[in-house]
Amino acid sequence: MASEDREQRFGELVVHAVDMGHLYDHLMQSRGHNQPVARDDMPDALLTEILHLTRLQFEALCHDLTDPWLSHAATTHLRPVLEGMAQIGFILGHETSTPVGTSQQRAACLALARARETHRAMVAANPRSVPDGNLEEGRRQVRTFEQIHDRVGCPYVEDPAAWPCKETHGGPCRHRELWPCKRVTKPAPRLLSSPTLLRLSATMSFPFTDLEQASSLVIHQSLIDRMMGVTEDGTNALRNATYKERALALAMALSAYGGCLGWVTETVDMPAAGALGRYASDTWKRQDLAEIMADEWDRSDG
Ligand SMILES: [Zn+2]
Ligand SMILES: [Zn+2]
C-alpha cells in the first residue's frame, strides 16, 4: 500500500471515531432529547457540561491524529478525556456497586467543588488579569451551587464505619477523604479521578489507570526521546509518530470517550445508547485497525 493510501485510510479511521459524536447529536435530536437543560437540574446539567468538555478534548486529540507529526501531542488531550470519564463515572456511580448517595447528590457535591475551585483560581490571580465583574459572578455561582447542594442534601457520612463504599480491606473508600464538597478551602474535585479510574479499571477490566499515567505531563516531558529516531547513517533525527502509536492513542481515547458517552446516553435513552455501542464496536472491528496493530503498516515502506 502506498504511503498516501495509508495516510488516507488512517484519516478515515479518525473520521469514523469523530463521527460517533455526530451520531450522538443525530440520535438526541431525532428522538426528542434536544431540550435545553437548566443549570440546577442535577445530575443532567453537570453530565451535559462534562460530556461537552470531554468531547472537545476527544475531537482535539483526533485532530492531532490526522497529522503524523502532531500525533505525538495527541495523548496530551487523553488526560482530560480520562478526567471527564472519571467524573461522569463518579456521578453515575459506575465505579462501585455501593455508591455514596444518589447521582443527583454526587453531582451537586461535585458541581459545588468545581464552582469553588474556579472562583478560588480567580481570587488567587493578579487582579489586573481578571476581567471586571468576574469575581462577583464567581461568588454568585458558588452561592447558586451551595443552594442546589443544600436542596438535594449532601450524602457525606460522618461516621467512617457507616461509609457504604468500602476498600477490599474493609475501610472506607478513598473517595471519602477526597469528597469534593468537604474541601472548602482547597477545593480540588480532580483528585477524585485517580481513585475512580483505579476502580473503573477493575470493574471494566480495562487499564484506565495505566492510560492516566501514560498521558501525564511527566511522561509528556520525556516525549522527546520517542520523537528522536536513529537514521540509517547512525545520526539522530526527529521522526513522525508511527501508525501503531497513532492507532493506540485513538483506541485509548475511544474507549474512554465512547464509554462515558454511552453512560450518559443510557440515562436518557437506552436504544440510542445501544446504537452508539454498536457504532463503537464497528470501529474496533475495522480491518485497517487490526493491520496497524499487527505492525503491518509501519513495517512496509510505501
Ligand atoms: Zn456534598
Ligand atoms: Zn467510593
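**Helix packing and local features of a predicted model**

Trainee: H3 passes H10 in a left-handed crossing. At what angle do H3 and H10 pack?

Mentor: The model is a predicted one. In it, helix H3 covers residues 74-92, and its axis lies 9 Å from that of H10. Angles under 35 degrees count as roughly parallel, and H3 and H10 are therefore roughly parallel to each other. The packing angle is about 25°.

Trainee: How many charged residues are in the contact of H3 with H10?

Mentor: On the H3 side the contact includes Leu78, Val81, Leu82, Met85 and Ile88. H10 contributes, among others, Ala249, Met252, Ala253, Tyr257 and Trp263. By class the contact has 15 nonpolar and 4 polar residues. The number of charged residues is none.

Trainee: Are H2 and H10 roughly parallel or roughly antiparallel?

Mentor: Helix H2 spans residues 44-65 and H10 spans residues 243-268, and their axes come within 10 Å. The axes cross at roughly 160°, and H2 passes H10 in a left-handed crossing. Angles over 145 degrees count as roughly antiparallel. The crossing angle therefore makes the orientation of H2 to H10 roughly antiparallel.

Trainee: How many residues in the contact of H2 with H10 are nonpolar?

Mentor: H2 brings residues including Leu47, Leu51, Phe58, Leu61 and Leu65, and H10 brings residues including Leu250, Tyr257, Leu261 and Val264. Arg55 of H2 and Arg246 of H10 are also part of this contact. The division by class gives 1 polar and 2 charged residues. The nonpolar count is 12.

Trainee: How far apart are the axes of H10 and H11?

Mentor: Helix H11 covers residues 270-284 and packs against H10 at an angle of about 165°. That angle makes H10 roughly antiparallel to H11, and H10 passes H11 in a left-handed crossing. Gly258 and Gly262 of H10 and Ala273 and Gly277 of H11 are among the residues that make the contact. The separation of the axes is 8 Å.

Trainee: How many polar residues does the contact of H10 with H11 have?

Mentor: Thr265 of H10 and Thr283 of H11 are among the contact residues, as is Glu266 of H10. By class the contact has 7 nonpolar residues and 1 charged residue. The number of polar residues is 5.

Trainee: Is Ile50 buried or exposed?

Mentor: Ile50 is found in helix H2. Not counting residues up to four places away in sequence, Ile50 touches Gly84, Gln87 and Ile88. The cut-off for burial is 20 or more other C-beta atoms within 10 Å. Ile50 has 24 C-beta neighbours inside 10 Å and so counts as buried.

Trainee: Which residues does Ala247 contact, leaving aside its neighbours within four places in sequence?

Mentor: Ala247 is found in helix H10. Ala247 is buried, with 25 other C-beta atoms within 10 Å. Its contacts, those sequence neighbours left aside, are Leu289, Ile292 and Met293.

Trainee: Which residues are joined by a cis peptide bond?

Mentor: Most peptide bonds are trans. Here one bond has an omega of about 5° and is cis. Its proline lies in the loop between helix H1 (3-30) and H2. The two residues joined are Met42 and Pro43.

Trainee: What phi does Asp295 have?

Mentor: Asp295 is found in the loop between helix H12 (287-293) and helix H13 (296-299). Asp295 counts as exposed because 12 other C-beta atoms lie within 10 Å. Asp295 is not a glycine, yet its phi is positive, at about 65°.

Trainee: In which loop does Ser205 lie?

Mentor: Ser205 is not a glycine but has a positive phi of about 50°. With 7 C-beta neighbours inside 10 Å, Ser205 counts as exposed. Its loop is the one between helix H6 (193-204) and helix H7 (208-214).

Trainee: What is the radius of gyration of the protein?

Mentor: The secondary structure comes to 13 helices and 2 strands. For 302 residues the globule rule gives 19 Å, and the protein's value is close to that, so the protein is as compact as a globular protein of that length. The radius of gyration is 21 Å.

Terms used. Residues are numbered from 1 along each chain as its sequence is written. Chains are lettered from A and ligands numbered from 1 in the order in which they are written. This is a predicted model: local features need pLDDT of at least 70, side-chain atom pairs count only at pLDDT 80 or more; totals for chains, interfaces and linings use all residues. Helices (H or I, at least four residues) and strands (E, at least two) are DSSP runs, numbered from the N terminus. The radius of gyration is taken over C-alpha atoms; the globule rule is 2.2 Å times the number of residues to the power 0.38. Axes are lines fitted to C-alpha atoms, for helices over the stretch in contact, and angles run from 0 to 180 degrees between N-to-C directions. Angles under 35 degrees count as roughly parallel, over 145 as roughly antiparallel, 65 to 115 as roughly perpendicular and the rest as oblique. A crossing is left-handed if the near helix is turned anticlockwise from the far one by less than a right angle, and right-handed if clockwise. Two residues are in contact if their C-beta atoms, placed from the backbone, lie within 7 Å. Ala, Val, Leu, Ile, Met, Phe, Trp, Tyr, Cys and Pro count as nonpolar, Asp, Glu, Lys and Arg as charged, and the others, Gly among them, as polar.
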